[in-house]
Structure formats: C-alpha cells, structure tokens
Amino acid sequence: MTLPQAKLDQLSARIAGLHFPSTGWQGKARGAALERLSAMGLPVRRDEYWRYTDPAKLVAPQPQAEVWGGEVAFDEIDALKVVFVDGMFDAEASDDLTMSGVEISRLAEAVTDLHWAAEIYGELETKGQYPAQRPFAALGSAFATDGLLIRVTGKADRPVAVIYRSSSNTSDVNLHHCVKVEEGAEITLLESGDAAARLLTVMEVDVAKGARFHHVRAQGRSHQRIVNTHVFARIAEEATFKSFTASINGVMTRNEAVLDIVGDDAVAHVAGASVGDGSDFHNDDTVFITHAAERCESRQVYKKVLKNGATGVFQGKILVKPGAQKTDGYQISQSLLLDGDSQFLAKPELEIYADDVKCSHGSTSGAIDETALFYLRSRGVPERRAQSLLVLAFLAEALAEIEEEALAEDLRLRLENWLDRHEG
Amino acid sequence: MALEDTLPEIEVREGVDRETIETVQAMAGKYKHGWETEIEMEFAPKGLNEEIVRLISAKNGEPEWMTEWRLAAYRRWLEMTEPRWAMLNYPEIDYQDLYYYAKPKSMEVKPKSLDEVDPKLLATYEKLGIPLKEQALLAGVEGADAPQRVAVDAVFDSVSVGTTFKAELAKAGVIFCSISEAIREYPELVKKYLGTVVPQSDNYFATLNSAVFSDGSFVYIPEGVRCPMELSTYFRINAENTGQFERTLIVAEKGSYVSYLEGCTAPKRDTNQLHAAVVEIVVLEDAEVKYSTVQNWFPGDEEGKGGIYNFVTKRADCRGDRAKVMWTQVETGSAITWKYPSCILRGNESQGEFYSIAIANNAQQADTGTKMIHLGKNTRSRIVSKGISAGRAQNTYRGQVTMHPRATDSRNYTQCDSLLIGDQCGAHTVPYIEVKNNSSRVEHEATTSKVDDDQLFYCRSRGMDEEEAVALVVNGFCKEVLQALPMEFAMEAQALVAISLEGSVG
C-alpha cells in the first residue's frame with residue numbers, strides 16, 4: 001500500500017518528535033518489550049483469539065475520527081483530574097498531582113535509573129502473554145509516549161480521573177500506566193474522554209495484600225474511533241480488584257483484561273456494558289482470569305446491545321490452576337440484538353485443573369422480549385420508551401457491578417441518552 | 001511391582017478410607033475387552049503411498065471411479081498438516097509405521113453366509129456380547145418385555161465379516177451392508193452421497209480416511225420406511241500396529257426413520273493404535289436418524305501406555321425440511337479422543353440433538369463436542385454434554401453453535417456440565433457461539449463441580465461403599481444422556497460408566 005507523501009512526511013515529523021528513553025529502568029523495560037514484540041509479530045486473523053476481530057482494523061494506516069469537544073463522563077464527580085490531549089499531558093487542564101496517600105508521576109518524566117514502577121512496567125504484561133499472546137500490549141510497553149505511574153500508600157480520599165481528549169481528528173495515541181496499590185491501600189481510578197482517532201493503552205495494576213482497586217471507565221463517543229486497551233492485574237491475598245467499562249460507539253474497540261489472582265481469598269470482578277449502532281460498529285471484550293490461589297472469587301458480567309448490523313464479541317476464560325481449591329468463578333455474557341443484521345460472537349471458556357471448585361458460565365443471545373414489550377405497551381407506555389426501558393433493564397445487571405452509585409448513575413444516564421439518540 | 005509403587009500421589013479426602021482407594025486402584029484399568037483373537041491375518045505392506053491406496057481399492061474390488069476418488073484424497077492429504085488446536089498432548093504419529101490393511105486369512109474367500117464365517121471370528125464377537133446369530137439378542141436385554149432384534153454389521157480390523165438380518169431388512173427395502181459391498185452393488189447410491197457431507201478435503205483425518213478406508217457400513221432407508229429393527233455396527237481392532245479406517249454412510253430418504261448403534265473395542269497393547277473414521281448421514285425431508293455410539297476402545301493402562309488414538313469426523317446433513325438427527329455418545333475408551341459429531345441444519349424446521357457423556361480416567365485425554373450449524377429457518381438444536389474427569393485425565397468440551405443470518409426464528413440450548421473426581425485432572429469447556437440474526441435465541445450454560453460431598457456422605461451413611469456411592473452420583477449426573485440412549489445401549493453404558501471410573505475415587 002502506498003500512502004500519500006504528505007501522510008508519510010507527517011509521520012516522519014511525528015516520529016522525529018518522539019523520544020523514548022533508551023537508558024535507565026525504562027530503557028531496559030522498553031528494550032525487553034521490543035524483543036517480545038519482535039518474537040511474536042503482530043497478530044493475524046488465524047490466531048485463536050483474533051478469529052472474531054480482524055486485527056488488520058487496528059493497524060489501519062490512516063485512522064480518523066471527529067473531535068468531540070463536549071463534556072465527558074464523570075465530569076460531576078469530585079476527583080483529581082489528569083488530562084491528556086492527543087496523548088500529551090496537559091498541565092493546565094489537569095489538577096495538581098498531589099493527594100494524600102497517592103504519589104502520581106508521569107512516565108515521560110520518570111527517566112531515572114531506579115523507580116518503583118520498574119518491577120511492574122512490562123512485567124505484568126509479560127506474564128499476561130501466556131498462554132495467549134497479546135502483541136499490541138508489548139508494542140504498548142515498547143513505544144508508549146507517556147502515561148501515569150500511580151503509587152497508592154493509603155486510602156485515597158477521592159478518585160483519580162484520567163481524561164483523554166483530542167484536538168486533532170487524526171490523533172494516534174499510545175499510553176502506558178502503572179498502578180501499585182500497597183498493602184491495605186485503596187483507590188478508585190476513572191477513565192473517560194473521546195480519546196483519539198486511535199488509542200492504544202496498557203495499564204498494569206499490582207494490588208497488594210488487602211488492598212482495593214476500583215476502575216471505572218467510559219469509552220466515548222466519536223463513532224469512527226479505534227480503541228485497543230489492555231489491563232493486566234496481579235491480585236494478592238484478600239485484595240479486591242474491580243473494573244467496569246462502558247463502551248459507546250466506535251468502529252473498533254478491543255478491550256483485553258488479564259487478571260492473575262495469586263493470593264488466597266482475593267476478589268476480582270470485571271464487567272462491561274456496550275452499545276453500538278451500525279454495521280461498522282465492532283466491540284470486543286477479551287478477558288482472561290487465572291486463579292492460582294485458594295478461596296478466591298471472580299466474576300465476569302458483560303452485556304452488549306447491538307443494532308443495525310453491529311457486531312459484539314466476547315471471549316472470556318476462567319483458568320483454575322492445580323491447587324486453586326474453593327475457587328468460585330462466574331461468567332455471564334449476553335447480547336440483545338435489536339435487529340436481524342447484528343451479530344454476537346462469543347467464546348466463553350473454562351479451563352479447570354482443581355476439583356473442589358464452583359465454576360459456571362452462561363451466554364445468551366436474542367431479540368428483545370416481545371411479551372414484555374407488549375405488556376408495557378398495553379399499560380400505555382409508548383413503544384420506543386418501552387423498548388428503552390427493556391434495554392436499560394438488560395444493561396442493569398452489568399451496571400450493578402459498579403460499587404459507587406454516583407458513577408453507575410452517570411453511566412446509566414449516558415447509556416439512556418444513547419438509546420434516545422438511536423431510537424427506531 | 002508392588003501396589004504401593006504404582007499408586008499416584010493423590011490426596012485422601014476426609015471420610016475416605018485409604019483401603020477403599022487401594023482396593024479400587026488395584027482394580028483400575030481392568031479393561032474387559034483387552035484380549036486378543038489369535039487368527040491368521042493378511043496384511044498389506046506397512047506404510048502409506050499410492051500403491052497402498054490402489055491395493056486397498058483393488059482388494060475391495062472397487063470400480064475405477066472409486067480408486068480415483070481415493071487417490072485424489074490421498075494427494076490432498078499429502079499437502080495437509082495435522083491439526084493441533086485441540087487440548088490434546090500426544091507424540092508425533094508416524095503414518096509410515098502403520099499397516100493400512102489387515103484382513104483375517106479366512107476371509108480371503110468371502111463367506112456366503114454367516115454359517116461359513118470362521119468360528120474364531122464368531123467366537124470373538126460372542127465374547128464381546130455381540131450376537132452374529134440372527135435369533136440372538138444383544139447381551140443385557142434378555143427378559144425385556146418385548147424382545148428387540150438388532151441387525152449387526154461386524155467389522156474386524158479392515159473388513160466386514162458379516163451382516164445379520166439382511167434378508168429381512170431387504171423385504172422392507174432397507175439396504176444394510178458393508179460399504180465395500182455397497183460400492184460394488186449400489187454404485188449409483190454411493191456415488192450420489194459419498195463425500196457430500198464430509199468432503200474429501202474436510203480435515204486431515206477425514207482426508208486420510210477418504211484415501212484408505214477399508215470398510216464400514218452402508219445404510220439406505222427408502223422413502224417412508226420405518227426401519228423394522230435397530231441397526232448396529234460393531235468395530236473391533238485386533239491386529240497390532242494396524243490403523244482402522246472405517247467409513248459409514250447413512251441415507252434416510254423422505255419420511256423414513258432409523259436408529260443406528262455403534263460399538264467398538266480393541267485389545268490391550270503397549271503401543272498406540274490409530275483409528276480415523278468418518279460417518280456421513282444424509283437426512284432428507286421429514287426423515288429421522290438416531291445415531292448412538294458407545295465408544296470403548298482400549299484406553300491405555302493406568303500409566304497412559306498404549307491405547308487407541310481416536311480421530312473421528314461425524315456429520316449429519318439435514319437436507320430436507322423437518323429432518324431430524326440425534327447423536328448420542330458415551331465416550332469411555334481411547335487414549336486420545338478427537339471427535340465432534342455435527343449437525344448441519346439446512347432444511348427449514350430441521351432439528352439436531354447431541355447428547356454426550358465423555359469419561360476420561362487415568363491418563364486419557366478427550367477433546368470432544370459438537371457443531372450445530374443453523375442454516376434453515378425455524379431450526380432447533382439441543383446440546384447436553386456431561387464430561388467426567390478422573391485420575392490425571394484431561395477432558396475438554398469443544399462446541400460450536402452458529403446461527404446464520406437466514407436461520408431466522410431458530411433456537412439452541414446448550415448445557416455442558418463437568419464433574420471432577422480427584423485433584424490431578426482437568427475439565428475444560430471451549431464453546432464458540434456465533435449468532436448472526438436476532439430472531440433466534442441461543443442459550444449456553446456450563447458448570448464445573450466435583451462429586452458432591454454431601455451426597456456422597458449421605459450414601460455412605462446408608463451403608464453404601466465409596467465406589468458404589470460415586471457410581472450412583474455419577475449416574476445421576478449423566479442421567480439426561482443415558483435416558484437418550486436406546487435401551488440396548490443404556491444398560492451397557494451405565495455399567496461402562498461405573499467400570500471406567502473404577503479406581504478414580506479419592
């Protein structure tokens with residue numbers, strides 16, 4: 001494929017402006033990531049975990065999406081705001097990065113020889129490369145331009161909200177965050193914003209003994225955007241990890257979560273609600289949870305509403321290692337197809353090597369319940385309103401996974417607005 | 001070797017006494033059908049090449065088109081690579097180190113009737129409980145209220161040794177014979193349907209089978225005929241280092257019905273043996289086919305030595321409207337099982353059902369499941385899979401349900417349950433669910449659990465021993481599938497479930 005010269009020039013200029021540390025802890029980590037990436041190569045459609053999502057769509061040469069200047073999710077929430085514009089840290093728009101119990105620094109500035117993040121950056125991602133390879137995550141570790149390094153030592157009194165904004169309709173962003181939640185500490189991390197024409201993120205989260213990490217994100221809203229995110233987590237004993245993603249629109253969204261439960265009595269929940277309209281909408285949640293300790297609980301709850309030829313993909317796995325007795329694993333993936341052209345492709349997997357466990361999964365797909373619709377209409381609810389109600393009721397089980405009521409309500413309203421805009 | 005040395009390290013659960021485990025383990029691996037028939041055999045030379053393919057074709061007295069069909073498959077096979085996506089771990093198979101054709105010498109001149117069949121062969125089947133006398137009944141159902149007769153086609157290594165009740169079936173217009181005979185006697189029918197459900201190039205093992213299949217069964221049920229008795233094929237691998245490649249073709253014309261049973265066993269040997277079969281079923285308008293399998297190939301010993309590598313392609317094509325097919329399988333044998341009986345629901349309102357019990361004990365590995373491909377409107381499918389893992393076995397359910405855009409108002413229900421006995425084994429579920437229209441409803445549920453301690457304790461407290469209690473719980477777990485089996489098989493299957501799990505308690 002030949003690209004226009006202007007495009008190539010633009011690319012050279014952009015690359016010339018990038019600076020990747022080649023020394024210190026980062027240089028080492030990035031070098032190792034590049035080696036991993038080279039050994040793996042980029043994924044192809046034949047790879048097992050790419051059979052339902054074409055990786056070629058993530059590497060489109062000229063991603064383009066309109067800029068959304070409006071308000072973003074969680075605007076009303078009292079949080080420490082960190083803003084990235086086209087992947088560049090915006091100090092003016094961001095709050096002061098100091099908060100009691102939380103140390104926040106930027107990846108681009110952490111060019112020291114030693115850093116606490118050295119034991120996380122690229123490390124959790126490396127662990128998450130087996131048994132299924134995730135080359136885009138390695139690429140994220142090798143070439144991230146910036147990101148946040150967050151160390152939580154106490155109970156954060158308000159959430160940290162990362163906001164991704166774009167100013168250019170061709171923004172192509174690659175960020176990498178590391179979060180270390182120390183023993184007994186607690187934090188809520190929010191992510192929102194229209195992000196970029198193409199966004200690649202990797203987040204590595206280390207949750208120590210008895211610590212709690214809450215993660216809620218809203219993927220908005222320009223329809224043309226391409227998003228590929230990865231969350232890698234290591235969860236120690238008695239720790240809690242909870243992550244929720246609301247994904248609205250987008251021609252290509254692939255959210256991968258790789259959770260490694262390594263300590264006894266830990267809890268890991270991931271959930272998501274996604275809505276999409278149009279035959280170019282593609283939303284993929286790929287989740288891999290490994291139980292390597294006793295008496296742990298994991299939950300996966302994913303709901304997708306699809307219309308006008310939209311595609312929803314769910315690939316989820318619960319792996320219970322030998323000895324991970326008393327594991328309680330639950331997984332549900334459901335789709336609501338609002339018309340005959342939309343499709344739902346799912347691969348809910350269990351791989352179990354311990355006998356004293358309780359694991360189950362369910363997956364359903366179908367149209368809106370005609371009987372319920374008829375009932376509501378017979379009670380005088382207009383058809384469109386009745387349909388919205390039923391869709392919201394369908395999404396409610398996923399939203400219920402969010403602990404903080406105000407955050408759940410914010411997302412619920414967003415989803416409701418989307419339904420209003422996409423009625424009929 | 002002292003018994004203690006052979007005991008794998010397993011955790012003894014509370015309330016289970018060590019002696020029980022030892023007694024049970026001492027009995028483990030008691031494969032009932034592990035004996036060998038000493039009979040003079042005629043082998044084709046070892047290895048695979050075009051000459052062998054031609055030789056098999058010539059031995060079967062096949063017409064030229066059939067030989068060419070085989071050769072085309074063989075050439076195709078050379079270009080293919082063995083699939084390795086299943087959760088199975090086995091050493092490289094040396095395809096040149098196998099015999100592809102083995103036939104009892106006494107079958108050199110084809111016996112005209114069962115009376116002329118070598119008594120050694122008849123005795124073999126008798127010992128297996130498979131009657132080759134027409135008045136006899138399948139073992140285990142004597143005393144049943146209405147004695148049911150079963151027509152049997154017995155395949156011994158590469159050849160069919162005889163088919164019972166042929167004359168009576170012919171009266172009803174039903175053709176039931178070996179596939180080699182069908183190729184000679186009914187070439188038009190075979191030509192019309194062979195390879196139309198499982199094409200020559202379908203997959204590595206099916207392509208290999210297309211090239212070298214030596215025998216198998218052929219069933220043709222004419223329009224509107226309800227087959228007057230159950231049909232059955234019994235496969236026996238006897239010779240050493242011999243691959244068995246049988247091919248079964250069943251054609252059910254409009255409005256017909258047939259119930260077909262398949263059984264298989266093999267002697268105990270230290271080396272692995274290859275079995276790569278193909279079953280094709282064509283179901284036309286309003287026809288119904290029930291296909292039941294009790295697969296009991298030699299599973300290898302407790303250490304995982306020996307056993308059959310079972311790579312099977314089974315597929316039914318519901319070509320007509322309201323066609324119906326039901327697969328029921330009880331998979332207890334084989335060291336390696338790679339098997340996905342599938343339904344293509346092409347006709348509107350056609351139905352596919354899959355009921356499966358897969359038991360893997362000791363070092364067995366099973367990767368089995370089904371595919372339900374919904375193409376027609378208003379099609380229905382149901383999958384009930386029960387996987388049981390014990391010892392150090394790995395048991396995987398792998399299934400696919402696809403609702404094509406045109407398959408409107410269709411329905412699938414899938415239930416996969418896994419039961420783990422012991423902490424050294426694995427149970428896995430790998431479903432693929434593809435829904436491409438919204439008027440169809442797809443539901444998938446899967447659970448994994450262990451034998452319920454409370455149930456076990458309850459049974460034990462009533463005076464039942466551990467072994468009996470586990471068998472009881474397991475049979476309860478499998479009930480839905482056992483009930484789907486024809487009576488002749490249900491009893492055998494139930495007993496087999498208990499035998500297969502011997503030695504797994506702990």
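User: My interest is in strand S18 of chain A: which strands pair with S18(A), and in what sense? Please set it in context with the rest of the assembly.

Analyst: Happy to. For context, chain B has a secondary structure of 12 helices and 23 strands. Keep in mind that this is a predicted model. Of the 506 residues in chain B, 57% are buried. Among the contacts in chain B with a separation of 6 or more, 84% are between residues 24 or more positions apart.

Now to your strand. S18(A) runs over residues 328-337 and is mostly covered, with eight of its 10 residues buried. Strand S16 of chain A, residues 297-307, pairs with S18(A) in the parallel sense over 10 bridges. Strand S20 of chain A, residues 358-366, also pairs with S18(A) in the parallel sense, over nine bridges.

Leaving aside residues up to four places away in sequence, Gln300(A) touches Val270(A), Val287(A), Ile289(A), Gly316(A) and Gln331(A). Ile289(A) in that list lies 11 residues from Gln300(A) in sequence, and their C-alpha atoms are 9.1 Å apart.

Moving along chain A, we come to the contact with chain B. Strand S19 of chain A, residues 343-352, pairs with S22(B) in the antiparallel sense over six bridges. In that pairing, Leu345(A) has Glu434(B) as its bridge partner. Counting the whole interface, 30 residues of chain B are in contact with 31 residues of chain A. On the chain B side, the elements that give two or more residues are strands S21 (411-421), S22 (426-435) and S23 (441-450). That side is made up of 10 nonpolar, 13 polar and seven charged residues.

Apart from residues up to four places away in sequence, Val283(B) touches Ala252(B), Val289(B), Ala316(B), Asp317(B), Cys318(B), Arg319(B), Gly320(B), Ala323(B), Lys324(B) and Val325(B).

In general, most residues other than glycine have a negative phi, and most peptide bonds are trans. Ala195(A) is not a glycine, yet its phi is positive at about 65°. This alanine is found in the loop between strand S8 (186-192) and strand S9 (198-207) of chain A, and it is buried, with 31 other C-beta atoms within 10 Å. Asp265(A) also has a positive phi, near 60°. Its loop runs between strand S13 (252-261) and strand S14 (267-277) of chain A. Asp265(A) is partly exposed, with 17 other C-beta atoms within 10 Å. A cis peptide bond, with omega about 5°, joins Tyr130(A) and Pro131(A). Pro131(A) is found in the loop between helix H3 (123-127) and helix H4 (135-143) of chain A.

In helix H3 of chain B, residues 50-59, the buried residues are Val53(B), Ile56(B) and Ser57(B). Viewed down the axis of H3(B), these fall within an arc of 100°, so they line one face of the helix. Glu51(B) and Ala58(B) are exposed on the other side of H3(B). The cover over the buried residues of H3(B) includes helix H4 (64-78) and helix H9 (204-212) of chain B. After H3(B) comes Gly61(B), with a positive phi near 60°. Further along, helix H11 of chain B, residues 466-482, bends by about 40° at Gly476(B). The buried residues of H11(B) include Val474(B), Phe477(B) and Cys478(B).

Notes. Residues are numbered from 1 along each chain as its sequence is written. Chains are lettered from A and ligands numbered from 1 in the order in which they are written. This is a predicted model: local features need pLDDT of at least 70, side-chain atom pairs count only at pLDDT 80 or more; totals for chains, interfaces and linings use all residues. Two residues are in contact if their C-beta atoms, placed from the backbone, lie within 7 Å. Helices (H or I, at least four residues) and strands (E, at least two) are DSSP runs, numbered from the N terminus. Ala, Val, Leu, Ile, Met, Phe, Trp, Tyr, Cys and Pro count as nonpolar, Asp, Glu, Lys and Arg as charged, and the others, Gly among them, as polar. Two strands pair if DSSP finds at least two bridges between them. A residue is buried if 20 or more other C-beta atoms lie within 10 Å of its own, exposed if 12 or fewer, and partly exposed in between; C-beta atoms are placed from the backbone. The arc is that of the directions from the helix axis to the C-beta atoms. The bend at a residue is the angle between axes fitted to the seven residues ending there and the seven starting there.
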